[in-house]
Every structure is written in C-alpha cells, then in structure tokens.
Amino acid sequence: MKIAVDKLVAGGIAVAIAALTASVVLGLDRPALAAAATTAVAMPPPTGKADLRQPGVKRAQVVFAGGCFWGVQGVFQHIKGVDNALSGYIGGSAANATYPRVGGGGTGHAEAVQVTYDPAQVSYGQLMQVFFSVAHDPTQLNRQGPDRGTQYRSAVYADDAAQRDATRAYIAQLQQARTYAAPVVTQVEGGKPFFAAEGYHQNYLTLHPESLYIRINDLPKVAALKQKYPALYREQPRLVSTTISAR
C-alpha cells in the first residue's frame, strides 16, 4: 500500500475502521515485527573521511529520508544535541509539497526529517550511525516496512559538501565491511528545498503512541536507540511546533 491505514487515519478516516482492518490490510505479524524492529544492526563507527568533525560550528543541518517521517522524527527527537527535528517533504516542488499529493507517489518528494544539531554535542558520524541502523533499513529500495513508493526512499540531503562526502564514505565503509547482507541503496544529494509537513504530522510518534502503525513500526525504533546508543539517548524528546499551516 502507498499509504498505511494509520496514515489515512491522520488524514481523517475513522480510527475504528483502522483498528478493525489494519492487521488484514497491512498483513503484519505484530510480535515478529516488533522483535525485528528492536534488533538494530551493529554499526561500525565512521572512520577516515566518514568521521566528519565540525569544530567551531554551533549549528548544523541535514535532511534524512528513511520511510515514513513519523518514526524518523521520533528517533532524532530523542538524541542529545539535536535541537530540532522537523517532518517534511524534499525532492519536489513547493506546489506539490502536501501530504495528499506526496502520498500519491508522483511528485518526486520523499518524506523526510530536517535535523538541526550541535556538532559539539553529537557528531555527524553519530547521526549517521543512528540513521543507518535504528531509524530505517537502508537496503530497502523505495519502501520501508508496510509503505511502498519512491516517497519512502532512503536518502540523505546535505547542502554541505563535507557532509555529502562523509555520507558517501560511510556508505562505502558499510559496504566494504558487509554490514548488511544486501547493498545499501541510500541516495546522497544536495541543493533540494525542504518543505515542512502539515502540523498534524509533527511529533506524531509522541502524540499518538496508541496508534497501531506507531506501535508496530516506530516505538521499537526508539527502544532500539535507547538500547544501542544509551549515551546519545535522552528520555524527553525535543518537540517542534504543531501550528504549521497546511498548504
């Protein structure tokens, strides 16, 4: 499915219908998926060119696309040193940067999260470790979990050349180390405008922990972050404003 049942709920479909049909439509084995999601891949720390340091930089930014933005945002909001993690769209035009249009899969956008961080507290390499292990599966092409389509692609959008070089170097490091059984398909790009998603998508993981989609696909990611990277984890997420107007 291009839009999972709980995602349609966010757009106004009744929760009762989602609760009755989600297990059938998504074909999910909840215990099995929850166990799989909490088993994060053991990631080697970035070395050489991948180990980017940004001395003197107080505020840096990068955009991570890794499937549905609810879970990706939720993970990065729990990382120390991340000042802001904003859900949105990247890769297409401003005119089509709305949830109903992006959800159709034909706008060129990816659901993504703009991460603003303090390099003195969390390095770019540490963010990459989390992104490539906990936040999503970088070997899945144009899909993540139950979601299908190019809008759910794996990508890193960095306007900073050093970040792009570090990302490519880290992907090469992961490939050489055979960290995954399958190739990493993550795209690395820059120069793409980012558009904030509608307010009802912001902080979705924190505000809707009872959501079937969140419980199956996303809460295990936060649990894996806490387990695998305890030094980076903060209990209280850094939330963003939900007053963003729909376009």
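Q: Which residues does Gln-202 touch, not counting residues up to four places away in sequence?
A: This is a predicted model: local features need pLDDT of at least 70, side-chain atom pairs count only at pLDDT 80 or more, and totals for chains, interfaces and linings use all residues. Residues are numbered from 1 along each chain as its sequence is written, and side-chain values use heavy atoms, with hydrogens and water left out. Contact means heavy atoms within 4.5 Å. On that basis, Gln-202 touches Gln-73, Leu-86, Ser-87, Ala-197, Leu-207, Val-240, Ser-241, Thr-242 and Ile-244.

Q: Is Gln-202 buried or exposed?
A: Buried means under 20% relative accessible area, exposed means over 50%, and partly exposed lies in between (1.4 Å probe, protein chains only). Gln-202 has 0% relative accessibility, so the residue counts as buried.

Q: Which side chain does a polar contact join to that of Gln-202?
A: A polar contact is a pair of N or O atoms within 3.5 Å; within protein, one must be able to donate a hydrogen and the other to accept it, and residues adjacent in sequence count only if both atoms are side-chain atoms. For Gln-202 the contact is 3.0 Å, and the partner is Gln-73.

Q: Where is Asn-203 found?
A: Helices (H or I, at least four residues) and strands (E, at least two) are DSSP runs, numbered from the N terminus. Phi of Asn-203 is near 60 degrees, a positive value in a residue other than glycine. At a relative accessible area of 3%, Asn-203 is buried. Its place is the loop between β8 and α8.

Q: Which helix holds Leu-205, and what are its residues?
A: Leu-205 has a relative accessible area of 6%, so this residue is buried. Leu-205 belongs to helix α8, residues 204-207.

Q: How many Å apart in space are Leu-205 and Leu-219, C-alpha to C-alpha?
A: Leaving aside neighbours within four places in sequence, the contacts of Leu-205 include Trp-70, Ile-214, Leu-219 and Val-222. Leu-205 and Leu-219 are 14 residues apart in sequence, and in space their C-alpha atoms are apart by 7.5 Å.

Q: How many Å apart are the end C-alpha atoms of helix α9 (residues 212-228)?
A: The expected span of a helix is 1.5 Å times one less than its number of residues. α9 has 17 residues, so the span should be 24 Å. The model agrees: the end C-alpha atoms are apart by 24 Å.

Q: Where does α9 bend?
A: The bend at a residue is the angle between axes fitted to the seven residues ending there and the seven starting there. In α9 the angle is about 40 degrees, and a proline, Pro-220, follows within four residues of the site. The bend is at Asp-218.

Q: Which residue caps the N-terminal end of α9?
A: A side-chain oxygen of the capping residue lies 3.3 Å from the backbone nitrogen of Tyr-213. The cap is Ser-211.

Q: Why is the pair of Trp-70 and Tyr-213 edge-to-face?
A: The structure holds seven aromatic pairs. Rings of Phe, Tyr and Trp (its six-membered ring) pair if their centres lie within 6.5 Å; planes under 30 degrees apart count as stacked, over 60 as edge-to-face and the rest as tilted. For Trp-70 and Tyr-213 the ring centres are 5.5 Å apart, and the pair is edge-to-face because the planes are at 90 degrees.

Q: How many residues apart are Trp-70 and Tyr-213?
A: This pair links distant parts of the chain. Trp-70 is in helix α4 (residues 69-77) and Tyr-213 is in helix α9; they are apart by 143 residues.

Q: How many bridges join β2 to β8?
A: Two strands pair if DSSP finds at least two bridges between them. Seven of the nine residues of β2 (residues 82-90) are buried, so the strand is largely enclosed by the rest of the structure. β2 pairs with strand β3 (residues 110-117) in the antiparallel sense over eight bridges. β2 and β8 also run antiparallel, and the number of bridges is three.
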